[in-house]
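Grab a pencil and have the sequence and the 3D view ready.

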Amino acid sequence: MTVAFAPCGTRVATASTDSTAMVWSAASGAVELTLAGHARGLTSLSFSADGRRIASGGSDGQVVVWCAATGAVQRALAAGGLVFSVAWAPDGRSLAAGGFDHKVRLWDVGDGEMGAAPARVLEGHTHLVLAVATPPRTKWTRRVPHPVLI
């Protein structure tokens, strides 16, 4: 399961096998939000670079995008099977999920709207995709086109 800091460092999100995620105050330890929307346990979560959205992946084969301020579900996306990892691109324009079916799915979310179908599906692994990750935010002028696969 996963623990993730918000980019501002003041909030921490945790994923649990009880089908929920919780967002906590890093300073006080108080629960700020409980995110309930998966049918089975969560395996991964990630804050967007601007801290406004949280993506979670679960053993129910869904990627859920949440509003980090209210906990409202913005979108539920089918990921083709158990999701082991989710990651936002540093610029917040793409969301990646890797999982049980040996594939990585990429959704374009640059305008705030995202289609239910992924923009791209990366195939070629012969085993589980256990992690997707993005490079840290930098002041580079070159845009990183998609998450780095691990």
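## Exercise 1: Cysteines

A search through the whole structure turns up zero disulfides, where a disulfide is a pair of cysteine sulfur atoms within 2.5 Å. Before going on, note that this is a predicted model: local features need pLDDT of at least 70, side-chain atom pairs count only at pLDDT 80 or more, and totals for chains, interfaces and linings use all residues. Residues are numbered from 1 along each chain as its sequence is written, and side-chain values use heavy atoms, with hydrogens and water left out.

**Task.** Work out whether Cys8 is buried or exposed, then do it again for Cys67.

**Solution.** 
- Step 1: get the cut-offs. Buried means under 20% relative accessible area, exposed means over 50%, and partly exposed is in between (1.4 Å probe, protein chains only).
- Step 2: Cys8 has a relative accessible area of 55%, so Cys8 is exposed.
- Step 3: Cys67 has 17% relative accessibility, so Cys67 is buried.

## Exercise 2: A sheet

**Task.** Find the order of the four strands in the open sheet, and say which strands sit at its edges.

**Solution.** 
- Step 1: know your terms. Strands (E, at least two residues) are DSSP runs, numbered from the N terminus, and two strands pair if DSSP finds at least two bridges between them.
- Step 2: the order is S1-S2-S3-S4, with antiparallel pairing.
- Step 3: the edge strands are S1 (3-5) and S4 (31-36), since each pairs on one side only.
- Step 4: check the bridges. S2 (residues 11-15) is joined to S3 by five bridges, and Val12 has Trp24 as its bridge partner in S3. Five bridges also join S3 (residues 20-25) to S4, where Leu35 is the partner of Ala21.
- Step 5: look at the turns. The hairpin of S2 and S3 has four residues between the strands, and Ser19 takes a positive phi near 75 degrees there. In the hairpin of S3 and S4, with five residues between the strands, Gly29 has a positive phi near 80 degrees.

## Exercise 3: One threonine

**Solution.** 
- Step 1: Thr20 has 16% relative accessibility, so Thr20 counts as buried.
- Step 2: across in S4, Thr20 stands opposite Ala36.
- Step 3: the side chains of Thr20 and Asp18 make a polar contact of 2.6 Å. (That's a pair of N or O atoms within 3.5 Å; within protein, one must be able to donate a hydrogen and the other to accept it, and residues adjacent in sequence count only if both atoms are side-chain atoms.)
- Step 4: leaving out residues up to four places away in sequence, Thr20 touches Thr14, Ala15, Thr34, Leu35, Ala36 and Leu42; contact means heavy atoms within 4.5 Å.

## Exercise 4: The core

**Task.** Which residues touch the most other members of the largest nonpolar core?

**Solution.** 
- Step 1: a nonpolar core is a set of buried Ala, Val, Leu, Ile, Met, Phe, Trp, Tyr and Cys residues joined through side-chain atoms within 4.5 Å.
- Step 2: the largest one has 15 residues, and Val23, Leu35, Leu45, Phe47 and Ile54 touch the most other members.
- Step 3: S2, S3, S4, S5 (42-47) and S7 (62-67) each supply at least two residues of this core. S5 gives the largest share, three residues.
- Step 4: apart from this core lies another, of 12 residues, including Leu77 and Val109.
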